[in-house]
Amino acid sequence: MKAFYLFLTVCFLSAKDIYAQKFENLALTPPMGWNSWNAFECEGVNETVIREMADAMVEKGLKDVGYEYIVIDDCWQIGRDDNGYIIVDKEKFPSGIKALADYVHAKGLKFGIYSDAGTMTCARRPGSKGYEFKDAETYAKWGVDYLKYDWCFTEGQDAKQSYKLMRDALYKAGRPIVFSMCEWGENKPWEWAKDVGHLWRTTLDIDMNGRFDGNVNGNLFGWSDLVDMQVGLEKYAGPGHWNDPDMLAVGNNMPINEARAHFSMWAMLAAPLMAGNDLRTMSFSDQEILTNKELIAINQDALGKQGFKIKDYGNFEVWQKPLSNGEIAICLFNREIKNKKYEVDWSKLQIKKFSGKYSVKNLWQNKVIGTTDINYKIEVPARDVVVFRLTK
């Protein structure tokens, strides 16, 4: 009899542990794609917009350089049926989500959706609390590839348990889905979420209008402030588990110099590159920034190391990102509202694992400028960057 009870205990624990994991071998480099919120919020999102964003991602060359996810944020859901399954807002999405996912997939792209760990989403649509397994089952049937999971209306909930519950629900549903945890960094997810999600927000929201610094109502932050919040978190990031300082604001009223700096710092931070602008109408300069192959290669480097600050002169900083094959990315970030003259003395920068001579390529100029046995006097424009790739 004791052996029988032992057998039942083992079976129970085994069944319980089957789902206590996330899908592996997903997001081995930071996810790249587009999310609807920053450009369209709740009122502007609909089926036509999502289809046209998928079209634009292909037509504007973003798919060719690695962007793949088309993610609907909040406001696609309207209620639940008598069995507890989520109901799609038919006014916004008359063809249904499955048909929309099929359309995105037919473009060679992947499809993402949004929900919330609480009773309601941030826009007061139905959340997933109490319906995690039904929602995960539904997403799998629809062909969802990516889930952004928010943290509004979660009073009294434990973040670890709430996110683990949805992780387990997704795994039980059986379809590999990238799990993007949007918990805003309130419970330090970088310390515990490696085995829960594939990426986790480390901050509150980015100002969708591309604010450089400061915040609105203590909630919408300038992107350079979000950079500061990543300092010290680099040890927690790697293939399949990324720190996420929120979506890109490139294309949303940003000056070209600031857009270039913003994109460069997200590349250096190994941050997810989720565009948040209207891809259909973006300027050529914004398109050039978002599709810069040299900076995307820094972001998508297979080594999966997050960049870190090695010099801080106040409003002028030097950042390093280790790359595969012993290569190194160096970013000079000028926060000032005036140009900064600077002499690059490679021997004094305290670059980690730096030895011997490297060739130096200026990535925004797409030009090899020399080697590291020569110092360079350069001028970094106001609120802009210079990014180098060092190759042995």
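I began at Glu 47, whose side chain reaches the backbone nitrogen of Ser 95 at 2.7 Å. I keep in mind that this is a predicted model.

I looked up its accessibility and found 10% relative accessibility, so Glu 47 counts as buried, the cut-off being under 20%. Leaving aside residues up to four places away in sequence, I listed what Glu 47 touches, namely Lys 92, Phe 93, Pro 94, Ser 95, Gly 96 and Leu 100.

Next I turned to the packing of H3 against helix H4 (residues 97–106), where the axes are 9 Å apart and the angle is about 10°. Since angles under 35 degrees count as roughly parallel, H3 and H4 are therefore roughly parallel to each other. From H3 I noted Glu 47, Ile 50, Arg 51, Ala 54 and Asp 55, which meet Ala 99, Leu 100, Tyr 103 and Val 104 of H4. Sorted by class, this contact has six nonpolar and three charged residues, with no polar ones.

Last, I examined helix H5 (residues 132–142) and helix H6 (residues 159–173), whose axes come within 8 Å and cross at roughly 40°. H5 and H6 are therefore oblique to each other, and I recorded their crossing as right-handed. On the H5 side the contact is made by Glu 132, Phe 133, Ala 136, Glu 137, Tyr 139 and Ala 140, and on the H6 side by Leu 165, Met 166, Asp 168, Ala 169, Leu 170, Lys 172 and Ala 173. I counted these residues by class as nine nonpolar, four charged and no polar.

Terms used. Residues are numbered from 1 along each chain as its sequence is written. This is a predicted model: local features need pLDDT of at least 70, side-chain atom pairs count only at pLDDT 80 or more; totals for chains, interfaces and linings use all residues. Side-chain values use heavy atoms; hydrogens and water are left out. Axes are lines fitted to C-alpha atoms, for helices over the stretch in contact, and angles run from 0 to 180 degrees between N-to-C directions. Helices (H or I, at least four residues) and strands (E, at least two) are DSSP runs, numbered from the N terminus. Angles under 35 degrees count as roughly parallel, over 145 as roughly antiparallel, 65 to 115 as roughly perpendicular and the rest as oblique. A crossing is left-handed if the near helix is turned anticlockwise from the far one by less than a right angle, and right-handed if clockwise. Contact means heavy atoms within 4.5 Å. Ala, Val, Leu, Ile, Met, Phe, Trp, Tyr, Cys and Pro count as nonpolar, Asp, Glu, Lys and Arg as charged, and the others, Gly among them, as polar. Buried means under 20% relative accessible area, exposed over 50%, partly exposed in between (1.4 Å probe, protein chains only). A polar contact is a pair of N or O atoms within 3.5 Å; within protein, one must be able to donate a hydrogen and the other to accept it, and residues adjacent in sequence count only if both atoms are side-chain atoms.
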